[in-house]
Amino acid sequence: MKEILTGNEAIARGAYEAGCQVATAYPGTPSTEILENISSYKEIYSQWSVNEKVALEVAGGAAIAGAKALCAMKHVGLNVAADPLFTLAYTGINGGLVVVTADDPGLHSSQNEQDNRYYALHAKVPMIEPSDSQECLDYIKYAFKLSEEYDLPVLFRVTTRVCHSKSLVTVGSRQEVGVKEYKKDVKKYCMIPGFAKMRHPVLEEKLKKLREYSNESHLNQIIWGRKGVGIITSGISYQHAREIMGDDASYLKLGLTFPLPEKLVREFAQSVEKLYVIEENEPYIETFVRTLGISCIGKDVLPICGELNPEIIQKVLAPEKARKTYTVDVQVPSRPPVLCAGCPHRGVFYPLGKYKDAVITGDIGCYSLGILPPLNATDTLICMGAGISAGIGFEKAFMQANKDTKVFGVMGDSTFFHSGITSLIDAVYNKSKLAVIILDNRTTAMTGHQENPGTGKTLSGDVSPVIDIKEIVKAVGVKPENIVVVDPYDLVQTQEAVKQAYEAVEPFVIIAKRPCALLKNTSKPRANSKCTINQAKCTKCKLCLRLGCPAIAFKNDVMVIDEAACNGCTLCIQVCKTGAVERMCK
Amino acid sequence: MTKSLLLAGVGGQGTILASKILAEGLIRLGYDVKMSEIHGMAQRGGSVNTQLRFGKKVYSPMIGSGEADLLLAFEKIEAVRYINYLRPGGILIVNDYEIYSTTVLTGQEKYPDDVLDKLKHSVENTIVINAAQIAGNLGNIRAHNMVLLGAAVKQLGIMNVNWQDIIKAYLPEKFHEVNLKAFEEGTKQPKL
């Protein structure tokens with residue numbers, strides 16, 4: 001019986017069937033559902049870690065201890081986890097370790113479109129790339145075997161279209177393997193310089209074997225069609241290319257993409273007339289082919305930026321197949337994502353946006369939606385943690401310029417646990433005047449409401465200690481009088497706290513605490529707070545529109561609140577100067 | 001011959017659920033099915049689309065311009081946004097429903113007022129359904145995705161599946177009745 005699964009579901013299933021025992025991750029699109037699905041298999045211990053570095057260290061430790069371990073993250077997460085990855089390649093991994101990196105060509109939900117295939121090359125670990133859900137399942141099992149056989153972590157590289165596309169999969173059953181024995185071996189696992197020096201040649205020896213093996217692996221295969229055009233490709237690009245060219249071309253389909261198979265590439269190149277390399281983003285395979293002295297067509301005709309699709313490939317390989325379509329003469333308004341109706345972040349951004357002279361350094365999360373009009377309440381967004389640390393930098397630069405511009409650093413609760421705590425210590429230690437706002441919405445909202453150390457629950461739903469953000473802030477040295485906890489649904493209280501923070505000359509922290517409006521147990525009790533507009537009192541001043549709430553509209557010359565969309569935050573009641581906004585239930 | 005369907009709407013309208021049910025039905029008919037959707041930022045009231053392809057053997061999950069046999073638009077402006085995906089002679093089913101984006105709400109952009117006329121003028125096979133009103137009359141406006149699903153199933157000529165069975169499997173029991181009725185209303189649209 002075949003099932004239709006996303007790539008992420010298939011990866012989870014594959015890990016289960018492979019006998020995986022420990023799985024870790026920090027949520028991040030497009031990788032999040034891997035661990036969410038793994039957590040449904042009770043045979044696997046799974047956890048959300050506070051960040052990707054911790055996740056990989058936990059998985060790496062588990063693997064050395066003898067377990068089959070998996071660690072998943074989005075592409076930028078591997079930047080955070082790079083430190084353990086490079087050294088785990090030296091130590092090796094006793095039980096087996098697969099590191100899933102979910103890249104995001106096209107930046108559907110990311111701050112860059114880095115190509116993590118280079119991490120395999122850089123960290124010297126084998127890399128596997130599936131092209132659909134069946135391969136996600138099969139190749140994960142293969143990855144565990146390869147990892148164990150070569151005593152190396154294996155990088156499993158997927159992309160958004162593989163993670164989130166669904167295709168039919170034949171599932172199998174779990175192979176129960178048991179945790180391998182752990183033997184203390186300091187020369188292998190303690191990477192002091194003297195021992196690490198001995199492990200580096202061991203790694204080089206493994207890579208030499210893998211380079212040969214890559215030519216024989218069934219993951220790297222030639223699919224013969226007509227030989228006028230030959231295409232070397234991997235991942236989703238293979239599916240796009242095959243869709244367009246069918247049997248009119250031959251394919252060297254690569255699944256084991258580090259080390260790349262030299263002999264196979266030479267054999268294929270010699271057998272075809274015109275050689276193309278089709279891959280998303282960077283010329284990773286193309287560069288390899290060229291270093292072999294083989295000429296090919298690649299990024300000279302295909303884009304480096306953005307995601308590939310069949311149409312782009314068609315324009316290059318089969319322009320005669322271009323299709324006609326319709327056009328409609330209508331100016332289409334854009335539809336950017338917005339902070340939801342009732343989002344507690346709005347209660348912070350609205351008063352914050354009034355300090356036009358202040359700089360606001362933002363971070364990764366739903367609150368990145370406060371960047372756009374009408375809130376306009378962010379200056380920078382770089383990476384997890386920079387909401388605080390980049391703010392310190394701004395403040396120090398302004399100090400050097402003899403300016404006293406106020407700097408606010410903004411980040412969410414999960415991001416604070418991820419990499420905000422160290423930044424806050426830096427602010428206190430270096431006597432920064434930064435004002436920090438922690439948007440504590442009691443969940444990891446952007447990726448779809450995952451638990452975090454502040455929610456009191458683990459990935460598997462077990463109750464765990466609630467890590468108190470206020471106590472952390474206090475413990476790192478922010479003075480108690482400079483810490484304020486507010487309810488962002490209370491505009492007066494929040495405005496007052498922002499004013500206090502603006503005037504502070506020491507590190508100041510506001511914790512805006514209010515659960516995400518979309519969490520089921522918070523949205524239900526607020527149903528009786530839904531708002532409506534009393535047209536008799538409304539002067540159409542449109543002040544409420546400045547909240548940027550998607551439930552409030554100016555339609556047919558009247559202000560209206562969409563009852564179905566309203567989540568009852570009552571901010572519009574609080575900003576209305578004529579008392580025209582009322583609660584539906586009084 | 002691979003067929004391509006594009007479902008377009010606004011985050012929260014239930015496009016993904018409709019496409020899941022559609023995919024399940026197509027699998028029951030014995031097709032190879034691939035489906036592609038984008039999660040993440042798109043959920044926050046942004047424009048969302050699901051691409052669904054089926055046939056004997058499907059390779060790419062993505063649809064190119066001029067390739068969709070059917071465009072199922074859950075909102076008027078989303079029909080226009082994705083119209084270039086429709087192949088000549090393809091069918092457009094559009095919900096007579098408006099959702100203002102923030103750029104329109106805040107007056108930065110205007111919501112055009114003659115969208116349906118222009119769509120009908122350009123696309124010969126256009127079906128307009130007031131799915132929101134139909135679902136609203138049945139007692140739950142949220143079921144408008146099932147009205148649209150019903151209409152799509154009818155136009156695709158794939159009524160020979162136990163859709164009721166699949167809809168029930170994907171929804172909690174208390175919503176069965178209204179959604180099944182909504183689906184049935186959708187299938188009452190005459191086939192082009």
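**Close-up views of a predicted two-chain model**

In strand E5 of chain B, B:Leu92 is the bridge partner of B:Leu71. This pair comes from a predicted model, and the legends below treat its two chains, selected elements within them, and the contact between them.

**View 1. Strands E4 and E5 of chain B form a parallel pair.** Strand E4 covers residues 68-73 of chain B, and five bridges join it to E5(B). Strand E5 runs over residues 86-95 of chain B, and eight of its 10 residues are buried, so the strand is largely enclosed by the rest of the structure.

View 2. H8(B) consists of 12 residues, 176-187. Its first and last C-alpha atoms are 17 Å apart, close to the 16 Å expected at 1.5 Å a residue. The buried residues of this helix are B:Asn179, B:Lys181, B:Ala182, B:Phe183, B:Glu185 and B:Gly186.

**View 3. Chain B as a whole contains eight helices and six strands.** Along the sequence, the order of elements is β-α-β-β-β-α-β-α-α-β-α-α-α-α. The C-alpha trace spans about 50 × 40 × 35 Å along its principal axes. The radius of gyration of chain B is 16 Å, which agrees with the value near 16 Å for a compact globule of 192 residues. Buried residues account for 57% of the 192 residues in the chain. Of the contacts in chain B with a separation of 6 or more, 66% are between residues 24 or more positions apart.

**View 4. Chain A has 20 helices and 22 strands.** Its radius of gyration is 27 Å, close to the 25 Å that the globule rule gives for 586 residues, so chain A is as compact as a globular protein of that length. The C-alpha trace of chain A spans about 80 × 65 × 55 Å along the principal axes. Of the 586 residues of this chain, 54% are buried. Among its contacts between residues at least 6 apart in sequence, 75% join residues at least 24 apart. The domain assignment divides chain A into domain 1 (2-216), domain 2 (221-320), domain 3 (346-522) and domain 4 (525-583). Between the C-alpha centres of domain 2 and domain 4 of chain A the distance is 55 Å.

**View 5. The buried residues of helix H9 of chain A pack against a helix and a strand.** H9(A), residues 193-216, has 24 residues. From first C-alpha to last, the helix reaches 35 Å, close to the 34 Å expected at 1.5 Å a residue. Its buried residues are A:Lys206, A:Leu210 and A:Ser214. An α-helix has 3.6 residues a turn, so residues three or four places apart point the same way. The packing partners of the buried residues of H9(A) are helix H6 (133-150) and strand E12 (256-258) of chain A.

**View 6. Strand E15 of chain A is covered on both faces.** E15(A) spans residues 407-412, and six of its six residues are buried. In a regular strand the side chains alternate between the two faces of the sheet. On one side of E15(A) are A:Val407, A:Gly409 and A:Met411, and on the other are A:Phe408, A:Val410 and A:Gly412. Strand E14 (residues 359-361) of chain A pairs with E15(A) in the parallel sense through three bridges. Within this pairing, A:Ile360 has A:Phe408 as its bridge partner.

**View 7. A:Ser419 is a buried residue of helix H16 of chain A.** The helix comprises residues 413-429. A:Ser419 has 23 C-beta neighbours inside 10 Å and therefore counts as buried. Leaving aside residues up to four places away in sequence, A:Ser419 touches A:Asn51, A:Met384 and A:Gly385. A:Cys383 is 36 residues from A:Ser419 along the chain, and their C-alpha atoms are separated by 9.7 Å.

**View 8. The contact between the chains takes 45 residues from chain A and 52 residues from chain B.** On the side of chain A that touches chain B, the elements giving two or more residues are strand E8 (165-170), helix H10 (235-245), helix H13 (310-317) and strand E20 (552-555). The residues of that side comprise 21 nonpolar, 15 polar and nine charged. E8(A) pairs with strand E2 (residues 32-37) of chain B in the antiparallel sense over three bridges. A:Ser167 has B:Lys34, in E2(B), as its bridge partner.

Definitions and conventions. Residues numbered from 1 in each chain as written. Chains lettered and ligands numbered in written order. Predicted model: local features only at pLDDT ≥ 70, side-chain atom pairs only at ≥ 80, totals over all residues. Contact = placed C-beta atoms within 7 Å. Helix = DSSP H or I, 4+ residues; strand = E, 2+ residues; numbered from the N terminus. Nonpolar A, V, L, I, M, F, W, Y, C, P; charged D, E, K, R; others polar. Pairing = 2+ DSSP bridges. Rg over C-alpha atoms; globule rule 2.2 N^0.38 Å. Buried ≥ 20, exposed ≤ 12 C-beta atoms within 10 Å, placed from the backbone. Domains from an automatic or database assignment. Expected span 1.5 Å × (residues − 1).
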